[in-house]
Amino acid sequence: MSKGNGMDHLSHLGVDLTAQEIHDQEFNIRLRGYDTDEVNEYLDRIIRDYDIFYTIIQDQERQIKELKARLDSRVTPPVAPPQPSIPTPPPVQQVQPTAGRTLSALELEDIMYRLRELEKQVFGSPRGL
């Protein structure tokens with residue numbers, strides 16, 4: 001695996017080497033040095049671990065992107081609180097005025113009652129009553 005195969009995105013996490021770079025590393029051989037076979041076996045184990053780590057990290061990054069997308073799709077802009085509904089007044093009875101006719105005290109009282117009830121509906125009940 002090389003940095004061009006999707007491993008370069010881990011450099012921001014401080015990962016300096018890829019599994020392929022570890023595999024390709026050559027060491028000078030000197031007298032009384034390490035057993036080359038033992039070093040190669042150990043490096044092979046490290047390479048396998050690196051491959052597993054890369055797979056795990058890529059899978060987790062994919063899951064994070066999916067979860068963020070799901071979360072973004074669920075978030076809705078705040079909804080304005082519902083406005084209080086104004087009650088619809090009862091239908092008004094059409095009264096045909098008669099020329100020169102005066103209203104009786106009962107009719108005036110009835111009109112005043114209706115006006116008070118309408119004011120209560122529109123403006124609310126007055127305090128203290």
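How does Leu 115 count by its relative accessibility: buried, partly exposed or exposed? Leu 115 has a relative accessibility of 40% and therefore counts as partly exposed. The model described here is predicted.

Leu 115 is part of helix 3, which covers residues 105-123.

## Negative surface patch

A patch of negative charge is also found on the surface, made up of Asp 35, Asp 37, Glu 38, Glu 41 and Asp 44. One of these residues, Asp 44, belongs to helix 2. With 35% relative accessibility, Asp 44 is classed as partly exposed, since that class lies between the limits of 20% and 50%.

A pair of aromatic rings is described by how far apart the centres are and by the angle of the planes. The count for this model is one aromatic pair. The ring centres of Tyr 50 and Tyr 54 are 5.8 Å apart and the planes stand at 70 degrees, so this pair is edge-to-face; the cut-off for that class is an angle over 60 degrees.

Both tyrosines sit in helix 2, residues 36-74. Tyr 50 and Tyr 54 are four residues apart, which is about one turn of the helix. Their accessibility falls into two classes: Tyr 50, at 23%, is partly exposed, whereas Tyr 54, at 3%, is buried. The limit that applies here is 20% relative accessible area, under which a residue counts as buried.

Key: Residues numbered from 1 in each chain as written. Predicted model: local features only at pLDDT ≥ 70, side-chain atom pairs only at ≥ 80, totals over all residues. Heavy atoms only, no water. Phe/Tyr/Trp six-rings, centres within 6.5 Å; stacked < 30°, edge-to-face > 60°. Helix = DSSP H or I, 4+ residues; strand = E, 2+ residues; numbered from the N terminus. Buried < 20%, exposed > 50% of the residue type's maximum accessible area, 1.4 Å probe, protein only. Patch = residues over 30% accessible without salt bridge, like charges linked within 9 Å, V, L, I, M, F, W, Y side chains within 5 Å. Areas by Shrake-Rupley, 256 points an atom, 1.4 Å probe, with all protein chains shown as cover. Salt bridge = Lys/Arg side-chain N within 4 Å of Asp/Glu carboxyl O. Lys, Arg positive; Asp, Glu negative; His and termini not counted. Charge placed at Lys NZ, Arg CZ, Asp CG, Glu CD.
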